[in-house]
Amino acid sequence: MLTNAKFSMLFYILSLGVAFFSRKIFLDSLGTNFVGLSTTLQNILGFLNLAEMGIGVAIGFSLYKPLYEQNREEITEIITVLGYFYRWIGIIILAIGLILAFFLPFIIPESQFNPGVVLTIYTVFLFSSLLSYFVNYKQVLLCADQKNYLVVSSLQGVNILKSLLQMSAALLWANYYLWAALEMTGGILLSIILHRIIKRHYPWLNTHLKQGRQMLRGYSYITKTCKQVFFHRIGCFAEWQVMPVLIYSVEASLSIVALYGNYVLLTDKALGCINQIYQSTQASIGNLVAEGNIQKIQYVFQEILSLRLFLGGLTSCSFYFLSDEFITCWLGTEYQLGNSVVLLLAVRLIFTQSSSTSTDFGMAYGLFWDIWAPFVQLGILFAVSIPLGIRLGLTGVLLGNLVSYTLVYVIWKSILVHHWGIKQPVSVYFLRLLFFWGVIGICGITTHNLTDYFLAPFVFESLWLHFLIKAALYGCLLLTTMAFAFFIISSHFRTAVFKLARNLHICY
């Protein structure tokens with residue numbers, strides 16, 4: 001598990017730096033509208049990925065037991081079933097994608113881009129998506145076998161190389177078609193690397209997709225789980241894929257989508273950094289639940305929750321108080337959004353971390369039966385976002401998104417897991433959340449005031465120098481303040497930190 005976390009963090013930090021530099025260069029060389037175009041097309045194709053139906057989640061869950069038992073025959077059969085499913089899903093996505101291509105002129109105004117550019121970028125993204133279904137589907141075995149670091153290192157390594165080449169091409173030629181060609185080349189290279197890795201680690205894995213339908217009869221539970229997970233994927237789709245489309249429909253501006261995308265890039269990278277740490281724990285949580293020791297499950301739940309709240313507090317407070325200055329240094333003051341937008345995104349950050357523990361344990365327990373929840377979330381999202389978006393613009397859309405997420409994920413998912421999973425009073429959990437949120441808010445505001453007080457006597461000619469010093473000082477003060485507060489108020493946090501320190505050989 002620690003190997004996965006270490007590799008994931010290393011490549012994630014490298015890709016993080018490249019992502020910020022590349023976005024700056026793309027905005028300057030290719031234009032704000034092009035970045036908005038690529039974002040919009042990627043989210044349009046997100047509609048098509050709903051056809052995946054959550055099969056990857058169901059297959060990954062099904063592989064834990066045969067991997068533990070080293071049952072190669074069952075592993076091969078399950079991967080064959082996955083390949084069979086994905087082949088048909090890929091055909092469906094290809095068909096719908098080709099039909100959707102005819103409507104692109106109505107979605108993206110021709111006056112902004114040559115139709116050939118729009119169609120080329122769209123085709124490249126569609127091709128990359130199809131690779132996941134026809135070629136890369138076996139990578140789920142690496143993730144389930146706690147070898148996710150191989151997938152991460154390959155994916156991030158190719159993305160870094162691709163981004164460096166795209167940046168160079170954008171600076172030298174600023175050609176949309178060359179950018180698209182490099183994007184497609186990156187996808188092909190990743191597929192080749194993953195294929196060789198799987199062959200090296202699982203030389204005995206020989207799938208025969210034509211037998212997939214016959215083998216499926218012995219794994220009917222996978223079909224049932226897929227149907228349930230599919231509805232929950234709609235909720236995730238509503239979260240991340242619909243948002244840019246809603247914003248574009250309200251603001252009628254690709255530039256606003258691009259500006260919003262800059263801030264989302266920061267929040268996504270912050271969440272991604274935390275998820276890299278916790279991604280390898282899902283299999284461990286599944287094993288813990290399989291043991292059935294309810295007292296141990298409850299205690300580990302509280303440990304993970306305290307760590308997630310701690311990291312979520314650090315990222316959300318840092319984002320709220322530092323993101324505008326970072327955007328100014330990185331891109332310029334004209335790329336800033338209002339304080340209300342930053343606040344809503346910061347609140348969403350801490351809410352996401354607060355609910356992630358319940359989500360992870362819910363997956364381990366197989367609690368997917370609440371298939372109505374995503375429809376409720378969609379209804380709330382549109383019912384709140386559209387009227388508020390018309391009146392408040394981007395702020396209204398984000399507020400609607402926050403309301404829908406809070407009601408479904410923060411409140412309902414927690415009730416589901418506590419009542420049908422870990423068997424703890426959910427009222428105690430909510431009171432603990434409110435208490436921790438209050439502590440995080442106090443630490444964040446206090447640290448911000450202290451930082452401004454210490455820096456007030458100094459004048460910096462360089463914006464970057466001022467930001468780096470402020471960020472370093474704020475980060476150190478916030479880390480110290482929150483760590484001290486969490487150590488005092490949470491025994492679970494203390495225990496979790498000491499466990500991590502022993503595992504990392506920081507203390508003995």
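Which residue forms a salt bridge with Lys 24, and how far apart are the closest N and O atoms?

Reply: Lys 24 forms that salt bridge with Asp 28, and the closest N and O atoms are 3.3 Å apart; a salt bridge here is a side-chain nitrogen of Lys or Arg within 4 Å of a carboxyl oxygen of Asp or Glu. This is a predicted model, in which local features need pLDDT of at least 70 and side-chain atom pairs count only at pLDDT 80 or more, while totals for chains, interfaces and linings use all residues. Residues are numbered from 1 along each chain as its sequence is written, and side-chain values use heavy atoms, with hydrogens and water left out.

Lys 24 and Asp 28 both belong to helix 1 (residues 2–29), where, being 4 residues apart, they are separated by about one helical turn; helices are DSSP runs of H or I with at least four residues, numbered from the N terminus. An α-helix has 3.6 residues a turn, so residues three or four places apart point the same way. Lys 24 has a relative accessible area of 23% and is partly exposed, and Asp 28, at 49%, is partly exposed as well; buried means under 20% relative accessible area, exposed over 50% and partly exposed in between, with a 1.4 Å probe and protein chains only.

The structure holds 6 salt bridges, and among them is one between Asp 360 and Arg 308, whose closest N and O atoms are 3.4 Å apart. This pair links distant parts of the chain, since Asp 360 lies in helix 16 (residues 339–365) and Arg 308 in helix 15 (residues 294–330), 52 residues apart. Asp 360 counts as buried at 12% relative accessibility, and Arg 308 is buried with a relative accessible area of 3%.

Lys 413 and Asp 370 form a further salt bridge, with 2.9 Å between the closest N and O atoms. Here too distant parts of the chain are linked, with Lys 413 in helix 18 (residues 394–422) and Asp 370 in the loop between helix 16 and helix 17 (373–392), 43 residues apart. Both Lys 413 and Asp 370 are buried.

Finally, Glu 325, Asp 452 and Lys 470 are linked in a network of salt bridges. Lys 470 is one of the buried residues of helix 20, which include Phe 467 and Tyr 474.

Definitions and conventions: Helices (H or I, at least four residues) and strands (E, at least two) are DSSP runs, numbered from the N terminus.
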